[in-house]
Amino acid sequence: MAAPECVGTFERTICFEYEHVPVVMYRCKETGLRLAIAKVQSPTVHGYFAVQTEAFDDYGCPHTLEHLIFLGSEKYPYKGVLDVLANRCLAQGTNAWTDTDHTCYTVDTAGSEGFLNILPVYLDHVLFPTLNESGFKTEVHHITGEGSNAGVVYCEMQARENEAGDMIDRAMKMQAYPGRCSYKSETGGRLKELRELTNATVREYHQSYYRPDNLCVIITGQVDFRAACEACAPVVESIRASDKIKALPAFQKPFSSPVPKPAAPRVEHMEFPAEDEKTGAICMLAWHGPQWEDLETITALSVLMSYLTDDCISPLRKALVETVPPLCGKISSSMYEQSTYLINLKLKSVDVEQLSKRDIDAEISEILQATCAAVDLPRIRSLVGQQRRQHLASVEDSPHDLFSGELIGALMYAADLGVLQARLDAPSCLDALMAWPAERWQELCSRWLMGPTSSPRVTIIGKPSKACGERIQAEDAARIAAQKEQLGAEGCKAAAASLAEAEKENDVDTPDEVANNFQLPDVGKIQLIDVATVTVNAGRFEKWGSGEVSKVQSLLEQASATGLPAPIFQFDHVSGAQFITCHAMIPLDKLSARSLALLPLWCDVAFELPLASSALGPAMTYEAVVEGLTDSTVSYGMSVGAGGGRFGVGLAANMLSISIKVEKTRYAEGAIWIARILADAEFNAERLQVTAKRMLNAVPDLKRNTPALMSMAMRAMNYRDGCSEGVFNAFRVGKLLATLEDAGELQKACAELGAARAVLLSSPGSIFLRVGGDVLDMGSGHFEVWKRPPFAASAASHGGYGQTEAAKKASALAVAPTAPQFALPRDFLAADALRPSPGCNAGCIVSSSAEESNYWTIQCDAFSDPRSPDLAPLAVALEYLTALEGPFWRKIRGAGFAYSYSLSHNLELGVVRFGLFKATDPVAAYKAACEIVLGLCEEKEGDEAEEPSAGDGARPAKKSKATGDADVDMDAEEGEEEEEEEEDGLDPSALEAAISGVLFGLIEPVDTIPAAMGLAFQNTLQRLPSDQLQWLLKEVQGVTTESVQDALRTHVLPLFTGSKGRTVSVACPTSKRVQLQAGLLELDPPFKLAHFEVEELVKTLAPEDGFAGLRAQVRKAAE
């Protein structure tokens, strides 16, 4: 349907189509409110409420407002009502972010019906929030009864302020923007300023920036233009009637002032908290770039920075990373979108010894000067082509982000929104760059990266320091002690009373009549993306899905007439897909423990090795390989398990996974690249040495990542050392890589990798090949492209490695192919995995001087059957507890105990887990969670619960409170206890909302073409039925109050009572460890945890039996 020119007071101002997506903008002629819609083809609708916000200080008004907006509005004066209602609109609550130049509020729904319902309520919150003192106290900052500082915003920023990346970024901005400039402000708020901030200041800030003519609602998805405009009508009436808005002065657009820049280059040295002082330094360089309107220069600079940094043949990476010894482990670039762009270069995992010996500023200048003198024009043009492909791929795999991002940028900085179409049409701009001669690229580098006056460079050199972290923790402890002393016992008591009063004032439930006005949308109206899947195994074709699946099978049967290659195939088809993704999954079961241990190294360097001459193609240097991949691909990767990383495994972690994404017309090239990367790679000692050192430099970064250390400790308590989970433990990888500094060991590793590769490719019939894309429109040769080594013959006739003795030996040992069995995480559990007896706890606590927040994960056993009758009820139970404005939200986050929490069921491992993230008081948060779950699971005589059904819109009988026992005031007077007891149990309205949230959670991950195809592949790797999603959608709509209550009692309650044994992993600041551990011992049953400082954890996990060693220490501590 064409977009109408006018809808009520809304007039159409922009209308065009890009890549088959209509883009329309309306403006309310009376209020200035704008509404932009990009009709992305997707079963979900994403809404973005964007406000341009500017701050010239560090009080964090933009960020505090981002939180306070959700605490109620003039029409809906109930804390959290927006999330309560959103949860009933096939959404999982709302969200928001604060950037330097804008604040954006979001809500995503399955289908448009729920979105249109929540739209006017959301707008009312943005423009007419309550901004009460009580909300400010609990959500932003308060002093607790113990005399310490807390609050949701405070807790969030506490975890960030002294984190290495934030400290470096702040130092850079302070140098890059001298004088008065909002781009250097900490819009999240600094801790000192947050302690001083008042609600009155926040109110004034809202009045200045949150006005209709500075607000735009951006919608991506299948929403009717007219319906969207009409949904805004009630808010337009409220704006008309508002005396405050009528009295506003003429609006002056933010960020209109010139951006100050340094008069000359600057270099600053600084320290940040870290446990390892030998490596892990960070260097950041920044230059002022072009104005926002200069699209051609911005696009060209993006290409130039990729040319300088993106891969192992880029000049900066080649000089600083791909050398022995390397200066750093990683180099990357970015450009901050601002009125004047900021060009950024970042070196991570920098070796401190090398940094002390080398002049980093001079080295980078020398490389840039060489680029100004000469560029590799074919290489530049290759990168232009790759960026073009990557942009078009983003239209397909992340359309909501692409269109909303460009719309937000244009709203912030475009003098004329007519430029929006040009900003979206990146290929046109990139095509123009193909005509640039080398001289223009050289001039570009000279002006923007070497101009001492046109663009002075700022350099920040940050070094890791254990003493720095200890000093920060000691200073904060001293500040809190002084604060307690100043408050005294009476002051602390008064602070506690003030907080309790604020919590009581906030704790007003949304009336049932308000919630019940929002009928759950009909899930049956939502059209999911149809995926047709066909598998081929030894000539047997199987299909599932609907739509074109029969056509796909027929086409593949015809394509197989000339014979099939050896592997097993899975084709996932969606009509209209423009790109093809190919995966090869190769079983690892025949590898020795040593060979398995070398896989992290191979995975990291796989696409940067030279290729030997073979039947597959000519010999290629590693530089030629990288250039060829840039010329022809969108992306590529190799890992253990699909989606794994440098120090982590992915799905089906008993498989080596290699993948390539190409345009559908280049399907054959993708297949050839996979074959050559596997079969023809030469394990060159120099390339392996460079890669090993690069990986080693990255290990110290993990020592600063406290949540990652906590997760690693939990994996050690679960998995055996000999599996891929154990092998990819970063500290074990680091220990192995360190041995390769010896030339003899390095040569030995080269030979061992060659032998391992020969074993892996010795049985082509055990390889699993997956192809995802538009199978009906990818030309011919669906199977022909794979009729080549290593997929079509024995090892002896394969490519470059095929004539080696190792390959011949592997071929002789090859057995008849069998279908691969994809492993699940539970298949890797150690025989002595920590599974304490009922009533017992075991685990560890990791303390770090580089951390200021607390993190916690606790798990116990649950079921692993994907068709368990408990699966849907448990999913709804978890959503009920964790939903925004649900029981955990209000009693954990709302009380300021933790910034966030999680409660999840890992079906593949067969466990349930409770987690805390950025917690100020993890013991109090845990106790609150226990209290909630115990209350909801308490059995009452004569309790006959209603059974909600989301499928037919039927509504259960009302109860008086939306969140039941979770919101009972535990300090209630005795006379109120009888009334409160009647409110125990699951609230029917909240249960309906939980069902709605689960349904959205199932639909949202498959809302794009690549994601929908990806689920079909994921189901195979996780050994799930092909119709698991459809089955679960149906099951969720049929859950009952009784089944959810049973799931809570059976699977969630033991996590908090200890009726099942529990495994625990905790991470905390060193300065708070003793106090936290004492609190854990006071719990019933007590948590007796083994303590590890970071370096102790490293030493424990680094040996080949590191996981077992940690489990032994944990068991000893639990005795």
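Predicted model: local features only at pLDDT ≥ 70, side-chain atom pairs only at ≥ 80, totals over all residues.
Two strands pair if DSSP finds at least two bridges between them.

**Entry 1: the seven-stranded sheet**

I looked up Ser635 and found that Ser635 stands opposite Lys661 in β21. The two strands concerned, β20 and β21 (residues 651-663), pair in the antiparallel sense over seven bridges. I then traced the whole sheet. It is open, has seven strands and mixed pairing, and runs in the order β17-β16-β18-β22-β19-β21-β20. At the edges I find β17 (540-544) and β20 (635-642); each has a single partner strand, so one side of each is left without a neighbour in the sheet. Direction ignored, neighbouring strands here are turned by 15 degrees against each other on average.

Which helix lies across β19 and β21? I find helix α16 (residues 377-397) there, running at about 85 degrees to β19 (579-587).

**Entry 2: the five-stranded sheet**

I turned to another open sheet, with five strands in the order β11-β15-β12-β14-β13 and mixed pairing. Its edge strands are β11 (266-273) and β13 (330-336); each has a single partner strand, so one side of each lacks a neighbour in the sheet. The twist from one strand to the next averages 20 degrees.

I checked the pairing of β13 with β14 (residues 340-351), which is antiparallel over seven bridges. Ser332 stands opposite Lys346 in β14. Helix α20 (residues 438-449) packs on this sheet, where it touches β12 (279-291) and β14, and its direction makes about 105 degrees with that of β12. Helix α27 (residues 685-704) lies across β11, β12 and β14 and runs at about 90 degrees to β12.

**Entry 3: a record for residues 197-354**

I looked up the annotation. UniProt, in an unreviewed entry, places the feature "domain: Peptidase M16 C-terminal" at residues 197-354. Over residues 197-354 I note 35% helix and 29% strand, with the end C-alpha atoms 43 Å apart.

**Entry 4: aromatic pairs**

Rings pair if their centres lie within 6.5 Å. By this rule the count comes to 30 aromatic pairs. I took Tyr205 and Tyr209 as one of them: their ring centres are 4.7 Å apart and their planes stand at 35 degrees, so the pair is tilted. Why are Tyr205 and Tyr209 separated by about one helical turn? The reason is that they are four residues apart in helix α8 (residues 199-209). Tyr205 is buried, with a relative accessible area of 9%, and Tyr209 is buried as well, at 14%.

Next I looked at Phe888 and Phe914, an edge-to-face pair with 5.8 Å centre to centre and 80 degrees between the planes. Phe888 lies in helix α34 (residues 887-893) and Phe914 in strand β26 (residues 911-919), so the pair ties together parts that are 26 residues apart in sequence. Are Phe888 and Phe914 buried or exposed? I find that Phe888 and Phe914 are both buried. They belong to one aromatic cluster, formed by Trp856, Phe888, Tyr901, Phe914, Tyr926, Phe1056 and Phe1087.

**Entry 5: charges over rings**

I looked for arginines over rings and noted two cases. The charged end of Arg180 sits over the ring of Phe56, at 3.7 Å from its centre. The charged end of Arg687 sits over the ring of Tyr622, at 4.1 Å from its centre.

How values were computed
Residues numbered from 1 in each chain as written. Heavy atoms only, no water. Axes fitted to C-alpha atoms, helices over the stretch in contact; angles between N-to-C directions. Contact = heavy atoms within 4.5 Å. UniProt positions renumbered as here; feature names shortened; annotations may be inferred. Phe/Tyr/Trp six-rings, centres within 6.5 Å; stacked < 30°, edge-to-face > 60°. Buried < 20%, exposed > 50% of the residue type's maximum accessible area, 1.4 Å probe, protein only. Lys NZ or Arg CZ within 6 Å of the ring centre and 35° of its normal.
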